[in-house]
Amino acid sequence: MRQNTSRPVRRISIASGHRGRSTTPAVALAFDVVVRGAKIYTAAGLAGLGLIQVPRCRVEHRIRSGELVPVLEHQPPAPMPIHVLYPASRNLAPRVRTLGDWLARLFETAQAAGRI
């Protein structure tokens with residue numbers, strides 16, 4: 001976590017309405033949280049430093065135990081593409097093709113089951 005001194009305080013607003021009246025509560029954030037790595041990102045969420053967006057399969061056990069609570073489930077993020085990169089070559093090793101095909105089937109199965 002680092003103090004954000006180069007920019008003004010950010011405000012996060014959540015708009016809601018009651019009988020036609022609009023209310024906008026806001027929370028001031030005087031800092032940014034910058035992490036590099038999925039484990040540290042999850043730890044920041046567990047420490048209460050804000051909302052995190054991680055693959056559900058990575059934190060499912062934390063959700064079941066009550067350590068993390070899903071929010072905005074009715075507005076899921078757009079799917080993230082996953083790419084397998086390998087050198088373009090006429091002589092592609094069969095094991096590279098086999099790995100790519102296996103990964104594609106694995107993710108298709110997980111997506112169909114709703115795990116990702």
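Me: Why is Leu46 called partly exposed?

Reply: Its relative accessible area is 32%. Buried means under 20%, exposed means over 50%, and partly exposed is what lies in between, using a 1.4 Å probe and protein chains only. So at 32%, Leu46 is partly exposed. One caution: this is a predicted model, where local features need pLDDT of at least 70, side-chain atom pairs count only at pLDDT 80 or more, and totals for chains, interfaces and linings use all residues. Residues are numbered from 1 along each chain as its sequence is written, and side-chain values use heavy atoms, with hydrogens and water left out.

Me: And what makes Thr42 buried or exposed?

Reply: Thr42 comes out at 8% relative accessibility, so it counts as buried. Helices here are DSSP runs (H or I, at least four residues), numbered from the N terminus.

Me: How do you know that the buried residues of α1 line one face of the helix?

Reply: The buried ones in α1 are Thr42, Ala44 and Gly45. Seen down the helix axis, they fall within an arc of 155°, so they line one face of α1. The arc is taken from the directions from the helix axis to the C-beta atoms. These buried residues pack against α2. Just after α1, Gly48 has a positive phi of about 80°.

Me: What makes the largest pocket a pocket, and what lines it?

Reply: On a 1 Å grid over the protein atoms alone, a pocket is an open set of points with protein on both sides within 12 Å along at least five of seven lines, and lining residues have an atom within 4 Å of a point. The largest pocket holds about 1600 Å³ of space, and 39 residues line it, with Gln53, Val54, Pro55, Arg56 and Pro77 nearest its centre. Helices α1 (38-46), α2 (56-65) and α3 (94-112) each supply at least two lining residues, and the largest share, eight residues, comes from α3.

Notes:
On a 1 Å grid over the protein atoms alone, a cavity is a set of points where a 1.4 Å probe fits but cannot get out, and a pocket is an open set with protein on both sides within 12 Å along at least five of seven lines; lining residues have an atom within 4 Å of a point. Grid points are joined across faces, edges and corners, and a volume is the space filled by probe spheres set on the points. Contact means heavy atoms within 4.5 Å.
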